[in-house]
Amino acid sequence: MKKAIIILVLTMALGACSQTEKGAAIGGLGGAAVGAAVAGNPTQGAIVGGAVGAVAGALIGHASESGQCRYRDRYGRVYVARCPSGY
């Protein structure tokens with residue numbers, strides 16, 4: 001039950017993120033898990049794996065957002081729209 005609640009909270013939090021942020025979060029978690037399992041020192045493996053996974057996930061997520069920019073209006077709301085020409 002506890003795992004289901006944690007997964008639900010993480011899923012809800014990622015629903016409001018851009019593809020780049022989602023990729024970084026998922027890549028970081030996956031990299032940390034793999035790094036901790038494979039490395040001789042689980043703590044160092046999780047740190048290095050999480051960092052590498054976050055960077056890789058962010059790059060992959062950003063590649064899927066081509067032509068889309070995030071804007072913030074004066075009220076603090078964030079929205080996504082086509083980027084200006086030449087951007």
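Helices (H or I, at least four residues) and strands (E, at least two) are DSSP runs, numbered here from the N terminus. With that in hand, let us walk through this predicted model, where local features need pLDDT of at least 70, side-chain atom pairs count only at pLDDT 80 or more, and totals for chains, interfaces and linings use all residues. Residues are numbered from 1 along each chain as its sequence is written, and side-chain values use heavy atoms, leaving out hydrogens and water.

**Overall picture**

The chain holds 3 helices and 2 strands, arranged along the sequence as α-α-α-β-β. It has 87 residues, and 17% of them count as buried; buried means under 20% relative accessible area, exposed over 50%, and partly exposed in between (1.4 Å probe, protein chains only). The accessible surface of the chain is about 6,500 Å², with 68% of that belonging to carbon and sulfur atoms. Such areas come from the Shrake-Rupley method with a 1.4 Å probe, and for residues only the protein chains shown count as cover. Taking contacts (heavy atoms within 4.5 Å) between residues at least 6 apart in sequence, 33% join residues at least 24 apart.

**Confidence**

The predictor's confidence in each residue is its pLDDT, from 0 to 100. Its mean over the chain is 78, and 78% of the residues reach 70 or more. Among the elements, helix H1 (residues 2-14) has the lowest mean, 65, while helix H3 (residues 42-63) has the highest, 84. Where pLDDT is low, the predicted coordinates should not be read in detail.

**Helix H3**

Leaving aside residues up to four places away in sequence, Ala58 touches Thr20, Gly23 and Ala24.

Arg70 is part of strand E1 (residues 68-72). E1 runs antiparallel to strand E2 (residues 78-82), and 5 bridges join them; two strands pair if DSSP finds at least two bridges between them. One of the pairings has Gln68 facing its bridge partner Arg82 in E2. The C-alpha atoms of Arg70 and Ala81, 11 residues apart along the chain, lie 6.6 Å from each other. E1 and E2 make a hairpin with 5 residues between them, and Gly76 in the turn shows a positive phi of about 90°.

**Salt bridge and exposure**

The whole structure contains 1 salt bridge, defined as a side-chain nitrogen of Lys or Arg within 4 Å of a carboxyl oxygen of Asp or Glu. Here the side chains of Arg77 and Asp73 meet, at 3.0 Å from N to O. The table sets out the exposure of these two beside that of other residues named above.

| Residue | Relative accessible area | Class |
|---|---|---|
| Ile47 | 58% | exposed |
| Arg77 | 52% | exposed |
| Arg70 | 39% | partly exposed |
| Asp73 | 22% | partly exposed |
| Ala58 | 21% | partly exposed |
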